[in-house]
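Here is a briefing on helix packing and salt bridges in one protein model. Look at the structure first, then read the points below.

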Amino acid sequence: DKATNPLNKDLDWDGINAFCEQLNKELEGPPLATRLLAHKIQSPQEWEAIQALAVLESCMKSCGKRFHDEVGKFRFLNELIKVVSPKYLGSRTPEKVKSKILELMYSWTLGLPHEVKISEAYQMLKKQGIVKCDPKLPDNAPFPPPPPRPKNIIFDDEEKSKILARLLKSSHPEDLRAANKLIKEMVQEDQKRMEKISKRVNAIEEVNNNVKLLTEMVTSYSKGETTESNEDLMKELYQRCERMRPMLFRLASDTEDNDEALAEILQANDNLTQVINLYKQLV
């Protein structure tokens, strides 16, 4: 509801990311999420439907195979087809919503060729004349495959998932208690992982903001002309940048098995070093 609230002025990325995180944590996350999304995508309010499609697109990019498999079922695809087909809701659905659905479906046929039902559904829309020609995709589509995920991620740990599936099928109360305990452990592990990611993202954002501001101030610095308060602010920013370096080193040593995250940290550290040297040189 937060991520698709019609009163939102812009896309609520906190809400969208929170939805994706919750989806990954829950054993029943993907089937529940697709049901909720289908309902919101069929909203008569254009902005609510557009936001729901942004949530769907985000989930497809960051929630992995379990979610892809659910979207690739006719149960969900039929809900999308209803929105674009004149036989159902198509005649009263805004063009913007319909074209976004077709764009997403087309991008999935390219990005997820193994989900054959998506391709079948898209080809059927072509045969019916609902798709006249393939939509032009934005530069960031088709979406990249999700990065390989560390082994212990909740419900993607094959060993634990097998044990969990076996326990949940059992009718013995002690097995169900054990399943409950295992789910709690897996959720806690995943929460710790999400906290680490959040800490890293916030730290890099803080570094980049400080670097940008200090770079702008240093490049327009002129000795004797820059005001004293601006000089004080520059000094404070410079000291803050210096303090951030050890924090980045700690983050780097704490980031295992994720080359992309490590590259981001190293890039932020390079930017930090450059602006510190620039400050020392010019100021």
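A crossing of two helices is left-handed if the near helix is turned anticlockwise from the far one by less than a right angle, and right-handed if clockwise. H6 passes H7 in a left-handed crossing. Helices here are DSSP runs (H or I, at least four residues), numbered from the N terminus.

This is a predicted model: local features need pLDDT of at least 70, side-chain atom pairs count only at pLDDT 80 or more, and totals for chains, interfaces and linings use all residues. Residues are numbered from 1 along each chain as its sequence is written, and side-chain values use heavy atoms, with hydrogens and water left out.

**Helix packing**

- Two packed helices are described by the angle between their axes and the distance between the axes.
- Helix H6 covers residues 95-111 and helix H7 covers residues 116-127. Their axes come within 9 Å and cross at roughly 130 degrees. Axes are lines fitted to C-alpha atoms, for helices over the stretch in contact, and angles run from 0 to 180 degrees between N-to-C directions.
- H6 and H7 are therefore oblique to each other (under 35 degrees is roughly parallel, over 145 roughly antiparallel, 65 to 115 roughly perpendicular, the rest oblique).
- On the H6 side, the contact (heavy atoms within 4.5 Å) is made by Leu-102, Met-105, Tyr-106, Trp-108 and Thr-109. H7 contributes Ile-118, Ser-119, Ala-121, Tyr-122 and Leu-125.
- These contact residues divide into 8 nonpolar, 2 polar and no charged. Ala, Val, Leu, Ile, Met, Phe, Trp, Tyr, Cys and Pro count as nonpolar, Asp, Glu, Lys and Arg as charged, and the others, Gly among them, as polar.

**Salt bridges**

- The count comes to 17 salt bridges (a side-chain nitrogen of Lys or Arg within 4 Å of a carboxyl oxygen of Asp or Glu).
- Glu-48 pairs with Lys-40, the closest N and O atoms being 3.3 Å apart. Both Glu-48 and Lys-40 are buried (buried is under 20% relative accessible area, exposed over 50%, partly exposed in between, with a 1.4 Å probe and protein chains only).
- Glu-57 bridges to Lys-61, with the closest N and O atoms 4.0 Å apart. The two sit 4 residues apart in helix H3 (residues 46-62), so about one helical turn separates them. Glu-57 is buried at 17%, whereas Lys-61 is partly exposed at 30%.
- Glu-70 and Arg-75 meet in a salt bridge at 2.6 Å, N to O. Glu-70 is buried at 9%, but Arg-75 is exposed at 56%.
- Shared partners join Glu-57, Lys-61, Lys-100 and Glu-103 into one salt-bridge network.
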